Structure formats: structure tokens, C-alpha cells
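Let us take a walk through this structure together.

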Amino acid sequence: MKKISVFLAVAAIAVACASPEKMAKMADDVLVECTPQVLEVVNGNIDATVSVTYPKDYFNSKVILEVTPVIVYEGGEASMKPFKYQGEDVKDNFKVVSSNGQKVTEKVHFEYVEGMEKSYLELRGKVYAGKKAIDLPSKKVADGANTTYMLVKRTGNVAFKADNYQETLSSTTEGQIKYLVNSSEVRGSELKGSSVKDFVAALEAVQADERSTVTSTEIVAYASPEGGADLNNKLSGNRGDSALKAWNKVTKGTETTAPEVKSVGEDWEGFQQLVSESNIEDKDLILRVLSMYSDPAVRENEIKNMSQVYTALKGEVLPELRRARLIANVEYKNYTNEELVELLANNENALDEEALLRVASVVKDPAQKESVYRKAIDKFGSDRAQYNLAALYLQQGKNAAAEKELAKVQSGDDDVVNAIGVLALRKDDLETAEDCFRKSTSPEAKENLGIVLILTGQYEEAVQVLKEPKGCCHNTVLSLILVDELDKALKTAHCGDPKVWYLKAIISARQGDAEGVKKNLEKAFRKADLKERAAKDIEFAGYEF
């Protein structure tokens, strides 16, 4: 507790001429406390509580005391409206202070202005007694002001929307062998038919294309759902065996893997599909039977009872199910990033929306990125490209251009809401920014919310929000310092950024580690403006570096 003569001052109506002088001489007997002792800037404001204890027989009953809190800083000073107190015999409306001694507590508030990081708070007193007024000596109450929270990295982050470009494309080429009823023999006409010939031609084309590869092959054999299930299962298996022999014959000379042979048995799934796609009268009735009964024998019997319908099925549907499918699964290697860049230069019309979005993410030159995004917007009306163009401008600090492009984005998803919040943050509209960041579920919005929480003095929540940093650890470390979790802050400070070294110097200073202050500041001073800041930073008061 410091003894200072501060809340002394003031007027009186009928008091001896010596009364103010006597109060001034007794000023050292007045006890003053300030919380905090080192002023701190929070959300652009400096707030503190000053308590003054007047001893017994100090405060003359007929004087008025006027006290003005003043912050003195480089380049100027800022003062509050004075507090006024009166003795017990004064007939006025100020706060009365008893001559028997009394403690008076007041809140002081200032708006931060640049330069206050190197400042101090003093109280200026004046005592009024009748027509006489005496200025009391100014007394420093607290040092100030700590602006550590202003070290927050506050530009805000946005993410680019990803493309759906596929480095590899998967496709299937297929041929089909059809069989006669109750037969597993492969007819020569089937091997010479267009289905098998086209299948073999497709395999040869894959083999000739250096970008394409057959990854697997299979034969799937079926029986139409007529006759007994045991018979059809056996028939399906025999068709698989004969189809394999046919495969080996027609694919000789092509590079394919040995096919996996599968026997399905009765093809009720194919039956249902063909019926639903047909123009058979009463097809809805057939489909209803399939949904009502799961037993194959019951299904077949119910359908056969519809004699006219069954005749149509035997002519249009069942022959299509007596088959074996020849299948080759093919993988195609799409253009590489390097090839996409080359196509952009020489044949950009060959690039679809996804390719343009991919190449925009690959090229380094910002102007070229912008050009590619505009191509995707103009050619395909790409909403993702529209958003990414706005994100590009935000990353470049072109806020007006970003806002203009963002307004054209059709979707209002989490990325867009986050970007709107970043624009608000950069306009110092912290209320709107916080609202946007709380609404968006994107990882960037979560970290951006941490920025707003630090700027608005919500340090405890900021620690929770920033506890798992996605990128740079800077704001996470800062939040931990602001709640005085220094050991945890030090463990989290793994980034090599100069500002993180500066934060580590603050941690060292708060822990009384002079060597740590010096060592960390030397690394931080790679960024010139930090040296200038450190010279004024109250965190390093009393340290040499």
C-alpha cells in the first residue's frame, strides 16, 4: 500500500486559512491503493479501481476536495471528470468524507490512445477553502499500460474451397454372353456378336493407352428365375465355367488379370429391374408379388398363375437373364498438376470446372490464380470459384474487392459466413464478426473467434477455443499468457515466428528470467518493429536488452 497525497483538495465555506495547507502537509498520511497496480488495456479501454483511506482528523469538515485522475503518456495526457468530496459541514451535493476517517473507492476509466503503452496514472488534487484554492502535488498512482493483448494476430483466416478433381478415374467396361434356356453352352454367334466384340475392342484400347490400366476382371453368371432353385444354381455355375473358357479364347493377346468367377443363381434383382423398365401389362402386379413374397418358389408360382403375363415374361424378360457378364474394371490416370498447367497455357478449353479449380490451386502467381478463377466463373458459373476469388482477395488484404466478389456468391455456407466475419473483423465490427464466427462451423471460424475473444477481453473462453491451433500457435500462446497460464503457454510456443519469440520473452519476464528475456528478444528482433515495441513495453520494465 502506497502513501500518497491524492484525494485531498477542496473547498470550504468558513474555514481557517491554514486548513488547506495543513491537509497538504498531512498528505503522506493518506493511504492509496490502485487495482491493478500496472494498468492494462482491455478491448481498447483502461479501467482501474482507486481506493483512498483518509485518516482520522485529516479531512477538514469545511473544505471541498477536487481530484482529477490523469493518464500521462508520450505525446499527451488524458484526464477524467474530477471527483469531488466535501467535509461534513459543507452544504453541497458532493460525496461527504468524515473527519473521523473514511475509505473512498472510485472507478477510473480511459479510452486507449496510441502512446499510452508507456504512461502512468496520477491524481491531481485541489483544495478549496472559501476563495482560497491550493493545488496539491500530483502523485503517481499506477504505471501503465499493458497492451499485450494487442499482439494478437488479427487478420483472420479463410480457407479455399477444394476442387473435386480426380487424379484417377475408375470405369467399367462390360460384355455379355447369352444362353438358351436350361443351357450352359456358349454359342459361336455370341462370341461373334457385338457385345463380346465391343468388350474385346475396349480391352485392346485400354492396353494401347498408357494412362489406362485394367485393375481387375470378373465373370458373373446367372440363371433366369424359372424352374427349381437347385437346378438354376447348378446352371448358373456351369455358365460361369463356360464363360471362363470363352473369356480365355476371346481375350488371348490382351493383358488382363485372370477373372474372378461368380455364380449368382436365379437373377431376381435383374428380373425386377427389367420388369420395371418394360411396357408389360400388369407389370405393377408382378412387382407387387415380388415385394410380398421372398421365397423364390412362391414368387415363381404366383407369377405363373398369371398366364397371360407369364407368356410376356418368357418372350421379353427371361431370355435377357440367361447370361454371363464379362467385366473389366479400368483405372485411368488423369492429367497431373504439371500437365494441367501446360494445358492452361496451350489448350485451356480442354479444362473443365474441376480442372480449373485444381490448376488455380497449383499456380503460384496471384494474378494467374485470379485469371483462372474468373475463367471458371465465366465458363461454368462456378460458385466455388466465385468464393475462392473472394478468399484470394482476402488473403491479399484487398478487402473492398473481396467484399464485392463475396456478395456474388450464391451459397451461404460456413466458409462464406466465416469470410463475412473476417471482413467485419477487419472493419473493427467485432460484434458482427463474433456473431459470424459463432455461426460458422469451419475450423477457420473457430480460430477467428479466438481473435475476437482476445480483442474483447474474453480471455478464458479464448483459451478454450484456441486450445488446438490449426496453424500458427501464436494466438493460442497469447491467450494462455493473458490468463497467466505461463508454463502451458511456454510448452505451446513451438512456432518459429518472431512474434512467438516475443511472447516467450514476455513469459520469461513474468517468471523473472532475465536471461530468457534477453535470449528470446534477440530472436524476436529479427522483426524490426518488435524492437521498438519492446522499448516501450511495460512487460519488460526493469529489464535490459
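Predicted model: local features only at pLDDT ≥ 70, side-chain atom pairs only at ≥ 80, totals over all residues.

Helix α6, which covers residues 283-292, has Ile286, Val289 and Leu290 as its buried residues. Here buried means under 20% relative accessible area, exposed means over 50%, and partly exposed is in between, with a 1.4 Å probe and protein chains only. Looking down the axis of α6, you will find these buried residues within an arc of 100°, so they line one face of the helix. That arc is the one spanned by the directions from the helix axis to the C-beta atoms. An α-helix has 3.6 residues a turn, so residues three or four places apart point the same way.

Residues are numbered from 1 along each chain as its sequence is written, and side-chain values use heavy atoms, with hydrogens and water left out.

Next, please find Val500 in helix α21, residues 498-510. Val500 counts as buried because its relative accessibility is 0%. Apart from neighbours within four places in sequence, Val500 is in contact (heavy atoms within 4.5 Å) with Cys472, Cys473, His474, Ala493 and Cys495.

Our other stop is a loop: Asn334 sits between β16 (323-333) and α10 (337-346). Is Asn334 buried or exposed? With a relative accessible area of 14%, Asn334 is buried. Its contacts, again leaving aside neighbours within four places in sequence, are Tyr165, Gln166, Glu167, Thr168, Leu169, Arg211 and Glu339.

Now step back to the whole protein, which has 23 helices and 16 strands. These are DSSP runs numbered from the N terminus: helices are H or I with at least four residues, strands are E with at least two. The radius of gyration is 42 Å, well over the 24 Å that the globule rule gives for 545 residues, so the protein is more spread out than a compact globule. That radius is taken over C-alpha atoms, and the rule is 2.2 Å times the number of residues to the power 0.38. The C-alpha atoms fill a box of roughly 135 × 55 × 45 Å along the principal axes. Of the 545 residues, 47% count as buried.
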